[in-house]
Amino acid sequence: MSYLTALTDISIADLKVDLMRTAYDNEDALLNTFDPRVVLLWTVLFMIIPWLFYDTLPLVTLLAAAFALAALSQVSKYLLVLLLFGQLTNIGFFVVMVPLMGGLVTGWDDLSANSSQLIDGVVAFDPSVLAEAGGIVAAAVGEGLNTALSSQQAGVEAVGAVVPFFLKLTIISVISLAVFSAMSPQKISQGMLRLGVPRQLTFAIAYGYRMMPLLVEEYHALINSFRLRSKVPEKKGVLSWRYLLYLLKLSIKAFYPLIFNVAKRSRVTVEAMETKGFSQSLSDPKSRKLRTDDMMIRPRDVSFVFGSLLFVAGVWVFL
Amino acid sequence: MSAHSIIVDDLTFQYPGGDESVLQGADLRIDSGEFTAVVGGNGSGKTTLCKTFNGLIPHFFDGTFEGSVRVDGTDTRESDVGDLSRTVGYVFQDFENQLVQETVRDDVEFAPLNYGFDDYEERATRALEMVGLADLADRFIWELSGGQQHLVALAGVLAMDPEFVVVDEPAAQLDPQNAQETYERLRWLHEEQDKTVIVIEHHSEFIAEYCDEMVLVSDGGVAWKEPAQVGLNRLDDLRAENIHPPQVTQIADAVPAGMATVSDGRYPVTVDEAETALWSESAQAGEKRSAATGTTESTSQNQSTEENTENDDGEPIITLRNVGHGYPTLREGYNQVLDGLDLDLYAGDRVALVGANGSGKSTLLRLLTGLESPDEGTVTVLGQETNDALPEELADDTVYIHQNPEEMFVEDNVRKDIGYYLKNRGADDVERRVEEILTYLDLEELADRDGRLMSLGQQRRASLGIGLATDPTVVLLDEPTGSLDLQSRREVTGILRKAESRVETVVIASHDLQLVAGWADRVIVLDDGDVIADAPPAAVFDDAELLAAADLRQPQVVELSERLGFDSPLLTTDVMVEAITKGTAPDVATSAGDDATPDTTVPNTTQTLREEQ
């Protein structure tokens, strides 16, 4: 149990602060110092660039650069670990899945080849035929197992084939994490607004940032409510897996009341938005202009874009 | 002048899909320059009425709308919410959801930007200065306390420089200290900035202190509009709407006729008025009083001493030893909330935890549930150390009732919510026990409703039901009367008393001194992460310094008893009425007077009275 207490003890409070820091504390973050439009366009560009590479080495180099950027943008270490964990388990999944599927397919083929005999056996309910049918099934399973075990190699090869793909996905994920955690919501929505994105969408982003901490708190409170009124499984199982499963179930259940509470909150918000002249401002070009007036593209914005492109070109040429 | 007013003329309104009209033939006129309170019972239509001022009704809620509302001469039907909001600002009761941007400045700038004002920055700066939040302009909304968030909502309204400011139940969601600050701010806006302030309010003591005019809404109509002192004297009307008159007015009403009236024959509504009224009256009654002096007061004192000794002998139910606890924060590093705290709670204790915001009341309660483990020291509840037990296990005997009842509703109706714990713990007669709780707390009618959609008072009652269904030994309540109108507050006190017959120890964290005064027998004052006082209520209320440290506001009756020169404070209106009528100091009041000997209390009063004369 001790690892569990350690886990729950570090997590909740620290995790919350860490996430808050990722999302809100971005005054020193490198990407936040550039013009938001430039950063947004740069992000789109770098969503495409990884797909132009096919070899592992340049992709690994790009990934390393992406991580460096993430570090400069103060991305939550928990988020990064979670991301990596996801990608690694995905790869691990392939190692297991490919042989397993191979085995299943062989076994099934074997079975269906003898299916008529099998059906006859079952329908007739004759012990001797049944025994024969049992033999057929056993043979099929054996065949399947054999294939599964012998195709380990295939699994590893499959992984080799998907590694670049996962690398590309990871690069994109890390970059977008870096961008969205480094840029303040005002800047993101300002940039988008100037690029012609509808106000409703940019408002939704800003509003999401406003509400997130509230929802995190509320979600936590709801989980606690559930915990205080539930019963822990009597046997915790190996490594407390039953207990973990129980916590997992609770954390899913807690979403339902959360959604109701959010719906209730939004009733007031919508009224308040009306009194703050939101719907009026949608058709008012002056309001849009005032919001985006103080943006400016400076040399350092441009040099950031060209610098990073130069880096990519270097990777392209030398690796 | 006629242009600067809100005039409601024969207004009838029915929400779309509603069965009956919420407003029926309402007539009202509010002129520029007033500070007006709108009062009325739950569901009387007061919020609906105020939402017609800025056009939310009929533009946002398009129900059946008959009659008219004119704001500064404009018929609201011919304008829209956006335009009307520039004249009539509205701070919602649920103000937290009114703040839609992530930082304070952004939120205050939001409306001016929407209207395309070039000077949006100056407007925001000015508005923030008006509410005294200029220093916090760059903070995130979620970093602020409830009181500060309320001020941001107010600043957001002021940035539009409206003539009328409507504030919906400021005291409902704020603790008394913050509510008072908000009222001070509103008074300043009214007096110095020439704003017309309209508050929807349940707390008659705030009305007495701050408002000039008072409107009673009843059954969808405006029953009357009177100057506040006159309105607060219409006790029957108020009681019919479940509004409790100020404590001093209740006292004046309860004592024999003519004993406590101010010059024009009405009852006092503030402590100042009551003091004057009672001085002159008691001076006349002086002789009679001294004759009645000298009843025993030592009995209850002895009782309480006995109780204490008893407690010391018994095993404590809850023990905290050298407890330190804190949280990491975004800006200020590690925030040490509790520091080296020692505490023992015994069976039969009615404990009130009081203290300023952030003094660690809620943290302490959460440590007792085991939801959090102390960073240092040990917490033991019913012999079980919380570090070694899961919160689920501790919850067998302990129940924690959340400050915000909404967080306790996990099912879609109250009945299921109450049964949730029992079902999960495999109790055999779930249905019977749920029924029993429903009857016990008068929840039958609400049993099949969704807890989230009920009024706050009902929610609180349901959350107590959820708690009691677990058959707890220890009940922990976080701000049980927070955001409650007085009616529901009285209900809570009643429920607490009921609960006592079922449980051993009740601990509440509260800002509400009326509740503490009327219910607790042990008050623990927290400050700076440690216990700074642990005494019966009367002793705590006697110590002005302590109260200030704990951000507490004396109930009117306590303040009055102090001003009248009682040696130890009187805690409830009943006791005060008795004291005035009989001219004697009652038992309860003296339980805390450490060295008070019999006969001192009242003679002192009379003496002072005579000197005064």
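Predicted model: local features only at pLDDT ≥ 70, side-chain atom pairs only at ≥ 80, totals over all residues.
**Entry 1**

Taking B:Ala155 and leaving aside its neighbours within four places in sequence, I listed its contacts as B:Val108, B:Ala127, B:Leu128, B:Met130, B:Val131 and B:Leu133.

**Entry 1: chain A as a whole**

I counted 14 helices and 0 strands in chain A. I then asked how the radius of gyration of chain A stands against that of a compact globule of 319 residues. Chain A has 28 Å, whereas such a globule would have a value near 20 Å. The C-alpha trace of chain A spans about 90 × 60 × 45 Å along its principal axes. Of its 319 residues, 27% count as buried. Among the contacts in chain A between residues at least 6 apart in sequence, I find that 83% join residues at least 24 apart.

**Entry 2: helix pairs in chain A**

I looked up helix 4 (residues 77–113) and helix 6 (residues 127–150) of chain A, whose axes come within 7 Å and cross at roughly 155°. Angles over 145 degrees count as roughly antiparallel, and helix 4 and helix 6 of chain A are therefore roughly antiparallel to each other. I recorded the crossing of helix 4 and helix 6 of chain A as right-handed. On the helix 4 side of chain A the residues that meet helix 6 include A:Gly102, A:Gly103 and A:Gly107, and those on the helix 6 side of chain A include A:Ala139, A:Ala140 and A:Gly144.

I turned next to helix 8 (residues 185–194) and helix 9 (residues 199–228) of chain A, which pack at an angle of about 175° with their axes 9 Å apart. Helix 8 and helix 9 of chain A are therefore roughly antiparallel to each other. The contact is made by A:Pro185, A:Gln186, A:Ile188, A:Ser189, A:Met192 and A:Leu193 of helix 8 of chain A, together with A:Arg199, A:Thr202, A:Ile205, A:Ala206 and A:Tyr209 of helix 9 of chain A.

**Entry 3: chain B as a whole**

In chain B I counted 27 helices and 20 strands. Buried residues make up 52% of its 613 residues. Residues 24 or more positions apart account for 67% of the contacts in chain B with a separation of 6 or more.

I also looked at helix 12 (residues 247–254) and helix 26 (residues 573–582) of chain B, whose axes come within 9 Å and cross at roughly 40°. Helix 12 and helix 26 of chain B are therefore oblique to each other, and helix 12 passes helix 26 of chain B in a right-handed crossing. B:Gln247, B:Gln250, B:Ile251 and B:Ala254 of helix 12 of chain B make this contact with B:Thr573, B:Met576 and B:Val577 of helix 26 of chain B.

**Entry 4: where the chains meet**

How many residues does each chain bring to the contact between chain B and chain A? I find 49 residues from chain B and 50 residues from chain A. Several elements of chain B each supply at least two residues of the side that touches chain A, including helix 2 (56–60), strand 11 (318–328) and helix 18 (414–424). Helix 4 of chain B gives the most to that side, with 5 residues.

I followed A:Val268, which lies in helix 11 (residues 255–275) of chain A. Not counting residues up to four places away in sequence, A:Val268 touches B:Phe92, B:Asp94, B:Asn97 and B:Gln98. A:Val268 is partly exposed, with 16 other C-beta atoms within 10 Å. The C-alpha atoms of A:Val268 and A:Gly142 are separated by 64 Å, and these residues are 126 apart along the chain.

**Entry 5: backbone details in chain B**

Most residues other than glycine have a negative phi, and most peptide bonds are trans. I noted that the peptide bond from B:Ile57 to B:Pro58 is cis, with omega near 10°, and that B:Pro58 lies in helix 2 of chain B. B:Leu382, in the loop between strand 14 (376–381) and strand 15 (384–385) of chain B, has a positive phi near 50°. B:Leu382 is partly exposed, with 17 other C-beta atoms within 10 Å. For B:Asp528 I found a positive phi near 55°, in the loop between strand 19 (522–527) and strand 20 (530–535) of chain B. B:Asp528 is partly exposed, with 15 other C-beta atoms within 10 Å.

How values were computed: Residues numbered from 1 in each chain as written. Chains lettered and ligands numbered in written order. Contact = placed C-beta atoms within 7 Å. Helix = DSSP H or I, 4+ residues; strand = E, 2+ residues; numbered from the N terminus. Rg over C-alpha atoms; globule rule 2.2 N^0.38 Å. Buried ≥ 20, exposed ≤ 12 C-beta atoms within 10 Å, placed from the backbone. Axes fitted to C-alpha atoms, helices over the stretch in contact; angles between N-to-C directions. Parallel < 35°, antiparallel > 145°, perpendicular 65-115°, else oblique. Left-handed = near helix turned anticlockwise from the far one by under 90°.
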